[in-house]
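Take a walk through this structure, one region at a time. Keep the sequence and the 3D view side by side as you read.

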Protein chains: 2
Amino acid sequence: MENEGVRARARRELVQRITDAAREQLAQVGAAGLSVRAVTRELGMAPSAVYRYFPSRDALLTALIVDAFQGLADAASAAEAAVDRGDLTGRWHAVFRAVRAWGLAHPHEFALIYGSPVPGYVAPEETAELASRVSLLLAQIACESWAVQQGATSAAGATDGHRADLAAVFAAETTQHAGDLEGDIRRLQGYLAVARPDLALDGMPGDRALAVVDAWTELIGCVTFELFGHYRRVIDARAEHLTAVAHRTAARAGVL
Amino acid sequence: MENEGVRARARRELVQRITDAAREQLAQVGAAGLSVRAVTRELGMAPSAVYRYFPSRDALLTALIVDAFQGLADAASAAEAAVDRGDLTGRWHAVFRAVRAWGLAHPHEFALIYGSPVPGYVAPEETAELASRVSLLLAQIACESWAVQQGATSAAGATDGHRADLAAVFAAETTQHAGDLEGDIRRLQGYLAVARPDLALDGMPGDRALAVVDAWTELIGCVTFELFGHYRRVIDARAEHLTAVAHRTAARAGVL
DNA sequence: TCCTTGTGTGAACAGCGTTCTCGAATGTGA
DNA sequence: TCACATTCGAGAACGCTGTTCACACAAGGA
C-alpha cells in the first residue's frame, strides 16, 4: 500500500514537473513552439521518457489546457469572492477585470484555450465543467440579482423607476427573437439547474440566461481581440472599454 | 518590357499556384499541419524551390492570411450589396449571416485570421486595411442610418415613438462610460473620416461608432465560439442566436 | 556573343515527434 | 529472502519538418 503510494507519488510529482516545465516553455514560445524535447532537456531526461507519462505531445498540451481553464477560473473566482456579496454589479465587474488581467498575464495560455483549437484535441468531459466555470460565475450573479429583485418588488413596490424601465426595454428587445431560441433557453435553464442546484433561479426569465451567455461571449471576445492585436489602432483605452462592456452586459442580464 | 513582362507573369502565376495549393492543404489539415514540403510535392517541385518566392513558411502563411481577410471581406461585401439599399437592417443582418457562413465554409482560414496569431506574424500595413473592411461595412450602414434619421427628423417630426425611445435609452446606457472612452471615440471618428470620406458622418454620435466596434467584436466572437466548439451544449440554434445578436447590436448602433 | 540575373535541383543539416529495445530499478507474492 | 512482474529511463533509430547551400541551366540585356 505504502509502497504503491510511494510510486504513485513519485509519478505524480514527475508529471507535475513535466507540466510545470512545459507551461514555462509555453509562456515563452507559445503552443506552436512547444517542444517535447526542449521540455525534457530542461528536466535533464531523455525525450522518450516523457512518453511514460503522456502518450503524445497533444496530450501534454491537453493537460496545459486543463490547467489554463483552472487558472483562469480560479483567478475570476478569487476576484469575485473578494467583493462584498451585496455589491452585485461590483462582482460582475470584478469577473470581467479578472479575466482580462489573467489574459494579459498569461497570453499564451489564454490563446491555448480561446484561440485556434489544437488539431488533435477534443475536449474531454472533465474540461467542459472547468470551461464553464467563468460563465457560471456570471450566471450566479445574474440569478442572485433576479432573486433580490423578486424579493424587493414583492416586499415593497418602491423600486428604481428608471432602472425598471430600462430592464423592461432590454427585455422587450431581447425577447423579440426568443421564440427561435426557446429550445436553447430551456436547455440553458436546465443546465443551470443541474450545474448549480444551489441557485434559486425559479422563474428567472430565460432571456437573462441568454444574456449571460452573450456577456461571456463578449467578454472573451474583447480580451481575445485585445490580446490578438485586433484592437490595434481601434481601441486604445482597453480597460475603460471593457468596463463599459461590463456595464452594458450587466444591465442586459438584469444585474443592476 | 514585354520580356520582363513574361518573366514577371510566370513568377506571378507560380506564386498563385503555390498559394492555391497551400490554401487547399490549409483547408484540409489546418495551419499547424501545413507543410511546405507537402505543398511542393503537390506541385511536383523541389522543396527548396518555394524559397525563391517566399522567404519562409511564415511568409507563406502570411499570404494566406491576407487572402483570408480578402475572402471574408468579399463575401460580406457581396452579401451586403445584394440587399436593397434602403433596407438598412437587412444589410446589417446580411453582413452577420455572410461572416458566419464564410466561417463555416472556411473554418481553418477563419481560425488563421481570428484564432491564435501565428508567432512570426506581425500584421503588415496592407493587412490592416483588409482586416477592417468588415467593420467598415457595418460602420457604413450605421452612418447611413444616422443620415436617414437626421433627414427624417428634420423633415417631419413624425418618427416612430417607440424606436426613438429605445435609441435614447441605449444611448443613455452606453454613454455612461463615454467619458473614459472619449479619446478612442475621437480616434474612431477620425479613422472613419479618413477611411471612408464618402460617408456623411458629420454629427453622428460617437457612441454609435463605438457600438459598431462592439458589434464587430460580438459578431466575430459568436462565430469563433461556434467554430471552436465553445457553444457545444450551450447554444444549439446558432443561426437564430446570431440573428438575435445582429438585431440587438443593430439597435444599439442606431440601425433601426 | 557574353555576362548577369533568375530559376530549379539535390544534397545536407539540425530539429522535431514518436517508437522500439534493452538494462536497471522497483514493487509484489511465496 | 528469493523469484517474478511491472515500471522506468536511456539511447538509438525512423521519418518527417523547415531551411541552406552549391551547382546546373535558361533567359534577358549589353
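Start on the outside of one helix. In H9 of chain B, Glu182(B), Gly183(B), Arg186(B), Gly190(B), Ala193(B) and Val194(B) are exposed. Helices (H or I, at least four residues) and strands (E, at least two) are DSSP runs, numbered from the N terminus.

This is a predicted model: local features need pLDDT of at least 70, side-chain atom pairs count only at pLDDT 80 or more, and totals for chains, interfaces and linings use all residues. Residues are numbered from 1 along each chain as its sequence is written, while chains are lettered from A and ligands numbered from 1 in the order in which they are written.

Asp184(B), Ile185(B), Leu188(B) and Leu192(B) are buried. Down the axis of H9(B), the buried residues fall within an arc of 100 degrees, so they line one face of the helix. That arc is taken from the directions that run from the helix axis to the C-beta atoms. The helix covers residues 182-195 of chain B, 14 residues in total. From its first C-alpha to its last, H9(B) reaches 20 Å, close to the 20 Å expected at 1.5 Å a residue. The expected span is 1.5 Å times one less than the number of residues.

Next, a helix pair. Two packed helices are described by the angle between their axes and the distance between the axes. In chain B, the axes of H3 (residues 57-81) and H4 (residues 88-105) come within 8 Å and cross at roughly 145 degrees. Axes are lines fitted to C-alpha atoms, for helices over the stretch in contact, and angles run from 0 to 180 degrees between N-to-C directions. Which residues of H3(B) and H4(B) make the contact? H3(B) gives Gly71(B), Leu72(B), Ala75(B), Ala76(B), Ala79(B) and Glu80(B). H4(B) gives Arg91(B), Ala94(B), Val95(B), Arg97(B), Ala98(B), Val99(B) and Trp102(B). Residues are in contact if their C-beta atoms, placed from the backbone, lie within 7 Å. By class, this contact has 9 nonpolar, 1 polar and 3 charged residues. Ala, Val, Leu, Ile, Met, Phe, Trp, Tyr, Cys and Pro count as nonpolar, Asp, Glu, Lys and Arg as charged, and the others, Gly among them, as polar.

Move to chain A. It has 11 helices and 0 strands. Of its 256 residues, 41% are buried. Among contacts in chain A between residues at least 6 apart in sequence, 74% join residues at least 24 apart. Gln16(A) sits in helix H1 of chain A. It counts as exposed because it has 12 or fewer neighbours, namely 10 C-beta neighbours inside 10 Å.

How do the chains meet? The contact takes 44 residues from chain A and 44 residues from chain B. On the chain A side, the elements that give two or more residues are helices H1 (2-33), H8 (161-174), H9 (182-195), H10 (206-227) and H11 (238-252). The residues of that side divide into 20 nonpolar, 14 polar and 10 charged.

Finish at a loop. Most residues other than glycine have a negative phi. Arg233(A) has a positive phi of about 60 degrees, and lies in the loop between H10 and H11 of chain A. With 12 C-beta neighbours inside 10 Å, Arg233(A) counts as exposed.

Notes:
Buried ≥ 20, exposed ≤ 12 C-beta atoms within 10 Å, placed from the backbone. Contact = placed C-beta atoms within 7 Å.
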